[in-house]
Amino acid sequence: MDKEFSERLLTLIERDSRLTHEELARALNCSVSVVDECVQQLEDDQIICGYHTLINWDKVHSDAVTALVELRVTPQGRYGYNQIAEHIYQYPQVETLYLMSGAYDFLVVLREKNIKDVSLFVSENLASMEEVQGTTTYFTLIKYKENGFLFTTPKNDKRMVVTP
Amino acid sequence: MRNFLAKRVVDMPPSGIRKFFDVVSEMPDAISLGVGEPDFDTPWHIRDEAIKAIKAGKTFYTANAGLRELREAICDYTLRRIGVRYDPLSECIVSVGGSEAIDLAFRATLEPGDEVIIPQPCFVSYEPCVVMAGGTPVTISLKVTDEFRLRPEQLEAAITPKTKALFISYPNNPTGAIMEKADLEKICEVVRRHDLLVVSDEIYGELTYGGEAHVSIASLPGMKERTILINGFSKAFAMTGWRLGYALAPAEIMTQMIKLHQYEIMSAPTISQYAAIRAMTNGDHDTMTMRQSYDQRRRFLMKKLKDLDIPCFEPKGAFYIFPNISHFGMTSEEFATELLKKEKVAVVPGSAFGKCGEGFLRISYAYSMEELKEAFGRLENFINYLRENKK
């Protein structure tokens, strides 16, 4: 499959996963069956990993917090980082987990209903792991953009209403 | 007191767009599809260059023809995009928008009584520019059945012994029409045979859809030496407010254009020129992203018009569609006015772009998909209302 084509398709459904295959076909100037086939392939290859919804939870829970936790760990035995990662990512509170280069090892993104829940989770579930040497927790203040999408109100059209 | 006004200016009709603008301005909740400029902001990296220029105190006049570095960048870009080589020192000028370049082109070449052939529908300022330069505009009515392309026999029929120049503007505002290489070749044959000058406004040159890149008339054999090529930054790089365009032409014409520009303008805005270097050298990706976005909207609108059973040829350039609404038995101005009153959607009557635009509407798709969906929902209501009342 044409790489440029599948990238354009991915860009479109990344923005709006509810576009129908007919709409995608029109936007990409191809037949619906080409879209069907391409989407199937991308799903099979696990390039498309799901069709989730972007939710501004801050509006649902006014106390909701997102925290970034840096973890410094000592990898154990021959399993190394992956086993520690598995231990961490099984918690539903863990929204995102990265292994990092640099001053610390893991970056854990947590989303909780309030600050207390975060501190509880960090102290009881993360800091208590024997591989964990230390943690640093940061709280986010305002979320402007997530996964490429703005959470702020759309800008006004600054153009004159009719121009030649 | 004497009448101080110049008759040739007083005689000039006001732009049809202006009239409509005044009406729409009174309706703050109207959705406008009447805008002739991109909805994208100027890319940040281009804006940054302007900020840097201000901070570095690059706030003086430039050379009359524009910064040498910018002219070199323009010539490189032109060679890369349309395959025509120009000399940055003798064949290039940076102007205040494409508009100034058009004015310079006419004033540098027209003698009183010289006729300039202008195919319509077209952008509103070409005719007045020809008149102000002392020339006589001769319009050709393009046909929707030709997809608003200029046909050689139409050109031939408009030529008189006084004809000096042919003016063309493709991809076209307001129709969205393009001319492909084969169409241009036939026109060039007539142009060369009658020894005409061509002024070609290619400001929408980056915006063509369906795979075929824009072909410049200057790239065809024997044409560069008789063509004044107009382009600019407004549409390709979303830089309308920077007021920057350029012209490329044979040195003997360019010398005269630069002379006029030097007396009238001095030099184009310096800060904009620094930003424009960035656009020319690093802007291709931005243009591509915008082009893909426009194309997606264009396809969406074509489908919507088809669903609504409103005839429209498929436009392959710029960011306008030009549907035919003559079967509703209203003039395009009546249609646009009613649509605005009933559903608060503003589109521009085709008649604003020349008599032969009557019966058509110019709908701009320089709007987000959300806005287009909302506007077309309202248009659908209006069409249904018209059709029901007709029965």
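Select strand β3 (residues 115-120) of chain B together with β4(B): six bridges join the two, and they run parallel. Strands here are DSSP runs of E of at least two residues, helices are runs of H or I of at least four residues, and both are numbered from the N terminus. Two strands count as paired if DSSP finds at least two bridges between them. Show side chains for B:Val116 and you'll find B:Pro137 of β4(B) standing opposite.

Before clicking on, a word on the model. It is predicted, so local features need pLDDT of at least 70 and side-chain atom pairs count only at pLDDT 80 or more, while totals for chains, interfaces and linings use all residues. Residues are numbered from 1 along each chain as its sequence is written, with chains lettered from A and ligands numbered from 1 in the order in which they are written.

**The sheet in chain B**

Now widen the selection to the open sheet of seven strands, ordered β2-β8-β7-β6-β5-β3-β4 (chain B), with mixed pairing. Which strands stand at the edges? They are β2 (92-95) and β4 (136-141) of chain B; each has a single partner strand, so one side of each is left without a neighbour in the sheet. Look along the sheet and you'll see the twist, which averages 20 degrees from one strand to the next (axes are lines fitted to C-alpha atoms, for helices over the stretch in contact, and angles run from 0 to 180 degrees between N-to-C directions).

**Two domains in chain B**

Colour 7-42 + 285-390 as domain 1 of chain B and 56-283 as domain 2; the bounds come from an automatic or database domain assignment. Their centres, taken over C-alpha atoms, are 25 Å apart. Across the boundary, 35 residues of domain 1 of chain B are in contact with 34 residues of domain 2 of chain B, contact meaning C-beta atoms, placed from the backbone, within 7 Å.

Next, pick α11 (284-307) and β9 (320-321) of chain B, each of which supplies at least two residues of the domain 1 side. The largest share of that side, seven residues, comes from α11(B). By class, the domain 1 side has 16 nonpolar, nine polar and ten charged residues. Nonpolar covers Ala, Val, Leu, Ile, Met, Phe, Trp, Tyr, Cys and Pro; charged covers Asp, Glu, Lys and Arg; the others, Gly among them, are polar.

**Chain B, zoomed out**

Among contacts in chain B between residues at least 6 apart in sequence, 75% join residues at least 24 apart.

**Over to chain A**

The contact between the chains takes nine residues from chain A and 20 residues from chain B. On the chain A side, four are nonpolar, two polar and three charged.

Colour domain 1 (3-44) and domain 2 (57-146) of chain A; their C-alpha centres lie 34 Å apart. Finish on strand β1 (residues 65-73) of chain A, which pairs antiparallel with β3 (residues 106-112) of chain A over seven bridges. Seven bridges also join β1(A) to β4 (residues 132-139) of chain A, again antiparallel. Centre on A:Leu71: A:Phe106 stands opposite in β3(A), and the bridge partner in β4(A) is A:Thr135.

Conventions. Contact = placed C-beta atoms within 7 Å.
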